[in-house]
Amino acid sequence: MKVEDFLQLPKFQDFKLLAGNSGVTNQITGVNILDNPNALDWLSPGELIVTSGYFFKDSPEALKSFIEGFKRLNIAALCIKPQIYLNPLPKELVTLCNKLGIPLIEIPYGVAFSKILNTVMNLLAETSHETNQMALETTSKFLEYGLKADGLDYLKEKLEELLDQPIIITNAEWTLVTKNFDSLFEDFLLSTSNHLSFNLNCLSVVPRKVDELKHPVTVTFKNKTNGMILPIFFNEVTYGYIIVLQKNKPLAQKDYVVLEQATITFALEMVHQAEKLHINNKKLRDFYRKLLFSFSSIEELRSFDIDFNFDIAYSIFIIDLNQITYSKDNILQQKHEEDLIFQNILSLSSNYKKIANTELHLFKQGKQFIGFLGQKNLVPKSNNSEQERIFKDYYHYLEASLKNKFKLTMFVGSTKEVNQLNESYAEAKQLLDFKNTQEDSLVFSNHYYVDNFLRKFIPTNEAANFTTYFLDPLIQYDRKNDSNLMLTLTAYLDNHQNLATTSRQLFIHRNTLLYRVEKIESLLGYSLNEKNAQFNLSLAIKLQTSFEQRNDTNEN
């Protein structure tokens, strides 16, 4: 039933069309009484809204927000009883309804809302059987298409055939997940080194809270083309979006039914693809763990159906993810967003492998990724600068594409032959002890060689005894007097006892620094210029810092 059909019903001949004449051909698919300001999320496309207007009577901003919300949700028409709360009728309401093509219908005084509700529902019930039958047939078709396991491109092709309209499918981050698309979409896409994304800025008006959509919304592109965005929303998780261009005809009620039913199959296919990635990751993880921990010989590993070059050296690295920003508190949504991160890092790494002509292998373990990076000119005991150059290039490539949704830190072991990769992995793993104490996002084992040496060969109790022997007078004085002699000594030794550089670093006057140095020497009982003083104190500070970091890591 169209809005114009509703107005011609004998019961409603006294209803007046006040605005939005261009929308009288809108299809009515349901009816809803609305007097709750928080009920927009409860509405469905095609509904006839019946209201007194109470919730926007005092606020032009609320009125504008609701009418624009009705447009986004494809509301068929707005029936309003203005005599109590909206007398006279706001001019803004008439103007907005004319602008947006939303029929504004005045309900005569004395007509009960229930009369409208019952009449419309009874008329719609006569056609509901046909709609339900079509929904069942569409669901059956798409379940059949999904069971063929031909992927998202196949499902997209079938949906385009049913709609007779071009569409694109994106994930929850608006990245295209299908390969082919109609040329009409070219102006609406953003290209990066790794993928194509739908450009929301190509819309005349970006829907409010677009990332939280639960219903289809009509949109207009800046080139005046009309379209629709439908979230692939299932089981409280947003898996992606279907974006439709109205190229051949306006969308009809049956098109909405088709789209709603199709989203379930698209969501299930996206879940299926994520599960395939996890299964493949488990297969790779088993292989690489055998390689890293020598559970199998090289000869046995060569027989695996894994593309791996055993004839070059590799650096093992660990990617650690922290401070992940989730869009919702929903556990299922968070799991899906973690899957997207997983897919993005794998896809970006695969692309970088081709660009840089390098051997790059990656698998996920918990919230970390363990990787192997090798090149023919990357050999053991070679210049570390080449290793650092390659990893900096790879890191910045990842960072530039991941939209700062989390903190990514990369820990890199030294370059080793295949039969010694367990050593490189051990080095990378040891670097995790430093992740909460340094600001660098790219950490190389050769930068922490001394720290790791001390940890490996000096027992914790011996390190504590050494530190106490040389630094305890200063530590106790700082605790008692809330002073900074340890900080001063560290900076003074780091700057090779240069007074000017140290005072600038500590933001203190040169004379204040001289006083502190004298106080340090007084407490220690010897001059800092003595032959072995600088070495002993520097080593004590290094041990103290290193073992404090280890304790912090163990506590975490």
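**View 1. The largest pocket and the residues nearest its centre.** In this predicted model, the largest pocket has a volume of about 1300 Å³, and 39 residues line it. Lying nearest the centre of this pocket are Lys-71, Asn-74, Leu-100, Thr-218 and Asn-226.

**View 2. The elements and domains around the largest pocket.** Two or more lining residues come from each of helix H2 (60-72), helix H3 (91-100), strand S9 (217-220), strand S10 (226-234) and helix H6 (253-292), and the largest share, 5 residues, is given by H2. Domain 1 (3-123) and domain 2 (149-273) each supply at least three residues to this lining. Sorted by class, the lining of the largest pocket holds 16 polar, 15 nonpolar and 8 charged residues.

**View 3. The second largest pocket and the residues closest to its centre.** The second largest pocket contains about 720 Å³ of space, and among the 25 residues that line it, Leu-176, Val-177, Gln-273, Gln-343 and Ser-347 are the closest to its centre.

**View 4. The elements and domains around the second largest pocket.** Helix H5 (152-163), H6 and helix H8 (331-356) are the elements that give two or more residues to this lining, and H8 gives the most, with 9 residues. At least three lining residues are drawn from each of domain 2 (149-273) and domain 3 (307-446). By class, the lining of the second largest pocket is made up of 13 polar, 9 nonpolar and 3 charged residues.

Notes:
Residues are numbered from 1 along each chain as its sequence is written. This is a predicted model: local features need pLDDT of at least 70, side-chain atom pairs count only at pLDDT 80 or more; totals for chains, interfaces and linings use all residues. Side-chain values use heavy atoms; hydrogens and water are left out. On a 1 Å grid over the protein atoms alone, a cavity is a set of points where a 1.4 Å probe fits but cannot get out, and a pocket is an open set with protein on both sides within 12 Å along at least five of seven lines; lining residues have an atom within 4 Å of a point. Grid points are joined across faces, edges and corners, and a volume is the space filled by probe spheres set on the points. Helices (H or I, at least four residues) and strands (E, at least two) are DSSP runs, numbered from the N terminus. Ala, Val, Leu, Ile, Met, Phe, Trp, Tyr, Cys and Pro count as nonpolar, Asp, Glu, Lys and Arg as charged, and the others, Gly among them, as polar. Domain bounds come from an automatic or database domain assignment.
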